Amino acid sequence: MPGAPAAPAIHGGTGQPAGHYLQFASDNTAGICPEALDAFVRANAGFAASYGNDDDTHTVCDRLREVFEADAEVFFVFNGTAANSVALANLCQSHQAVICSETAHVHTDECGAPEFFSGGSKLLTAPHRHGKLTAAGVQEVIQRRSDIHYPRPRVVTLTQSTEMGTLYQSGEIAGIARLAHGHGLKVHMDGARFANAAAALGGSPADITWRAGVDVLCLGGTKMGLPVGEAVIFFDRALGADFAYRCKQAGQLASKMRYLSGPWLAMLEGGTWLRHAAHANAMAQRLARHLAALPGAERLLPTEANGVFVNLPEPAIARLRAAGWAFYTFIGGGARFMCSWATTPEAVDHLAHDIGQALAAG
């Protein structure tokens with residue numbers, strides 16, 4: 001097939017077994033990156049104060065404040081669903097509502113957790129463009145109704161990068177945030193793949209968060225290569241005043257917090273988090289270039305971060321899965337291939353070769 005590279009032999013190029021090599025289902029199928037693993041082991045030395053009173057936790061909170069250039073309140077939780085759900089519950093009372101994209105993870109993939117932790121806050125979906133909310137769509141939802149029989153919008157949540165692999169530019173965030181704040185709403189950002197967005201957009205992380213009007217960021221750690229854990233960052237400290245109590249109530253207060261926080265410090269030192277994210281993005285771009293040359297591989301969405309979305313015929317999908325490749329299919333039947341810090345060029349080239357062969361087989 002034109003544009004399809006010759007297939008290299010399958011091997012564990014990162015020291016992982018061959019099955020790892022075939023994994024493009026999600027960036028959280030990758031293991032712990034070496035820097036985070038070393039830090040996790042170092043955290044195991046001796047004794048340390050519990051419940052976040054250890055030195056590592058204090059240090060990494062300060063480091064995050066430096067990275068984001070803000071005197072923020074920082075918390076650590078175990079996973080992204082808890083980060084989003086408990087953060088939204090902290091912003092929203094039960095009679096209020098959260099405006100989100102129709103594709104938002106909080107709406108489609110969190111098993112009602114935002115509603116559960118908030119005691120019933122409703123999610124109001126708005127139209128999207130390639131996964132991104134628009135100011136016009138948000139305004140329509142805000143102004144849809146104002147009577148007492150309808151939940152009152154309180155928060156707008158944005159995902160960066162989006163569930164469809166696209167990126168909000170700082171101006172887009174600022175436009176939505178200005179509208180939200182003008183109506184008394186807060187702005188939450190689901191940053192499960194924020195590192196990939198920051199690496200792709202360049203500049204300061206502050207420019208695409210609080211400087212653009214984001215009030216709370218759930219910063220993903222697992223997908224960037226940590227063993228476990230997400231950071232919840234309140235750029236307005238007053239908004240996080242009671243968050244520690246919510247974490248405890250939700251079972252998200254780690255007694256041995258150093259195991260969550262220590263690896264973060266390793267990732268933030270020397271820009272390791274951005275370097276790994278940039279590598280994942282580059283692997284996605286490499287795959288996108290290969291697929292652009294393959295007849296029958298219809299790209300569904302622009303490749304802006306670390307995900308590649310392509311429409312493939314069902315027989316081709318079946319052949320790829322039979323060959324052992326792991327990936328998800330959704331969004332109107334499209335296939336999603338996610339790259340991670342551990343994705344190798346050889347794995348990308350082999351995948352592109354096999355996609356070409358699957359398409360050629362008819």
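Helix 4 supplies the largest share of the lining of the largest pocket, three residues. The model is predicted, with local features requiring pLDDT of at least 70, side-chain atom pairs counting only at pLDDT 80 or more, and totals for chains, interfaces and linings using all residues. Residues are numbered from 1 along each chain as its sequence is written, and side-chain values use heavy atoms, without hydrogens and water.

Helices (H or I, at least four residues) and strands (E, at least two) are DSSP runs numbered from the N terminus. On a 1 Å grid over the protein atoms alone, a pocket is an open set of points where a 1.4 Å probe fits, with protein on both sides within 12 Å along at least five of seven lines; lining residues have an atom within 4 Å of a point. A volume is the space filled by probe spheres set on the points.

| Pocket | Volume | Residues nearest the centre |
|---|---|---|
| Largest | about 660 Å³ | His105, Glu163, Arg193, Lys223, Arg336 |

In the second largest pocket, helix 10 (243–249) gives the most to the lining, with four residues.

The largest nonpolar core has 57 residues, of which Phe76, Leu219, Ile233 and Trp273 touch the most other members. Helix 8 (residues 170–182) gives the most to this core, six residues. Such a core joins buried Ala, Val, Leu, Ile, Met, Phe, Trp, Tyr and Cys residues through side-chain atoms within 4.5 Å, buried meaning under 20% relative accessible area (1.4 Å probe, protein chains only).

Definitions and conventions
Buried < 20%, exposed > 50% of the residue type's maximum accessible area, 1.4 Å probe, protein only.
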